[in-house]
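Take a look at the model below. The walk starts at the ligand and then moves to the nonpolar core.

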Amino acid sequence: MTTSSSNSPTGLEIRLASRPSGLPAPDDFQLVEVPVPDPAPGQVLVRNLYMSLDPSMVLLTAEDPGLPAPRYELGEVLYGDAVGEVVASAAPSLTEGDLVVHRLGWREYALAGAESFRKVDRTAYPNPSLHFGFGLVAYVGLLHVAQLRPGDTVFVSSAAGAIGGLAGQIARLKGAARVIGSAGSAEKVRHLTEKLGFDAAFDYHDGPVLDRLREAAPGGIDVYFDNVGGEQLRAAIEAMNVHGRIAVCGALTRQSTGRPDAGPGDLVTLVGKRLTLRGFTVLDHMDRAAEFGEQFRGWLREGSIVYDETVVDGLREAPRALLDLVRGAYTGKTVVRLGS
Ligand SMILES: NC(=O)c1ccc[n+]([C@@H]2O[C@H](COP(=O)([O-])OP(=O)(O)OC[C@H]3O[C@@H](n4cnc5c(N)ncnc54)[C@H](OP(=O)(O)O)[C@@H]3O)[C@@H](O)[C@H]2O)c1
């Protein structure tokens, strides 16, 4: 807790100061110090420990994000996934010391009705940020949207990122014959094959993506886990086998530039190969959370999955870190540490 000159406790929060026309700049965000309120009956005060950074937050600063989530409003505090500890409760369902996940990130202290917070088991994961839902996105995208089958050849883009890194590993654990990843630097490519167990990987800046894909998957691709769109999606469609399935998870080509994406290209190829191209949101698959959590904890316990994380310290660094995230500065899941 920060203390103001009047000696009352204060906390920091980040508001949207101006609406960008493309990619936001640091000046579009404003850091504000506010008093920490006491909970009214039915409310809970939570000190946030970690908040998640997600590339979709870039889109939420836009006039029309095109996402199944409300945009960030001018002058208001941003929102996003956070995990924190109850420090004061005026609600019977939560008590001081409980660990909770919720959507009131981008602030050091969150105050809301108890129904806004979900209590989680402190002992479930070695790291509180593992309570964020990105692993579930990878799991449902692969298994329930792309309908992964044992023996499939799988291609994952943004494979050194939070969701892509887990998608590639889950594909291997679920019986994929070959897993290929793309990333934006030679260092990330090495990380994929040497640390995360991908069978092949390439830097998407190294010449036409279709050439790299044909080298990495001479027998073609059965499943594409698409975080990116753009040239990688068009190349994957060309390299897909008949009856291939594409799960469209994200649009990083657009998220990293603020400009619209040209899309999947000539749809005749989709028809000829009878491909399935399906966008999805994890919000439609929350009923799989318990099933995923059980398997994920098992994989972590037995050491069959690698969890990568980049931790940025301090809320005041969060806007810069969000922009760095979409520029490819980090590996694995990126979180901001707000308290210890
Ligand atoms: N469908 C859902 O329910 C759902 C839920 C959550 C998130 N998402 C979306 O899933 C996607 C992945 O999220 P994440 O949290 O795992 O992000 P992430 O992959 O950890 O982070 C962003 C990465 O984007 C890559 N990138 C930036 N510009 C690129 C470009 N032009 N072409 C290719 N890659 C580029 C960078 O990696 P390189 O260095 O490799 O370029 C960067 O590290 C995002 O689009 C996110 O919004 C979807």
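Start with D54: one of its polar side-chain atoms sits 3.2 Å from a ligand oxygen atom. The model is predicted. Now consider burial. Taken alone, the ligand exposes 920 Å², and the protein buries 89% of that.

Next, the shell around the ligand. It holds 30 residues, and G184, K188, Y204, Q255 and V282 come nearest. By class, 15 are nonpolar, 13 are polar and two are charged. Three helices, α3 (162-173), α7 (252-255) and α10 (318-326), each supply at least two shell residues. The largest share, three residues, comes from α7. Both domain 1 (2-127 + 309-337) and domain 2 (134-283) contribute, with at least three residues from each.

In soluble globular proteins, nonpolar side chains tend to be buried together. The largest nonpolar core here has 48 residues. Within this core, Y139, L142, V154, I170 and F296 touch the most other members. Elements that each give at least two residues include the helices α2 (134-145), α3 and α9 (289-302), along with strands such as β4 (43-52) and β10 (178-183). The largest share of the core, nine residues, comes from α2.

Where does this core lie relative to domain 1 and domain 2? Both domains give residues to the core, so it lies between them.

Technical notes. Residues are numbered from 1 along each chain as its sequence is written. This is a predicted model: local features need pLDDT of at least 70, side-chain atom pairs count only at pLDDT 80 or more; totals for chains, interfaces and linings use all residues. Side-chain values use heavy atoms; hydrogens and water are left out. A residue is near a molecule or strand if one of its heavy atoms lies within 4 Å of it. A polar contact is a pair of N or O atoms within 3.5 Å; within protein, one must be able to donate a hydrogen and the other to accept it, and residues adjacent in sequence count only if both atoms are side-chain atoms. Accessible areas come from the Shrake-Rupley method with a 1.4 Å probe; for residues, only the protein chains shown count as cover. Helices (H or I, at least four residues) and strands (E, at least two) are DSSP runs, numbered from the N terminus. Ala, Val, Leu, Ile, Met, Phe, Trp, Tyr, Cys and Pro count as nonpolar, Asp, Glu, Lys and Arg as charged, and the others, Gly among them, as polar. Domain bounds come from an automatic or database domain assignment. A nonpolar core is a set of buried Ala, Val, Leu, Ile, Met, Phe, Trp, Tyr and Cys residues joined through side-chain atoms within 4.5 Å. Buried means under 20% relative accessible area, exposed over 50%, partly exposed in between (1.4 Å probe, protein chains only).
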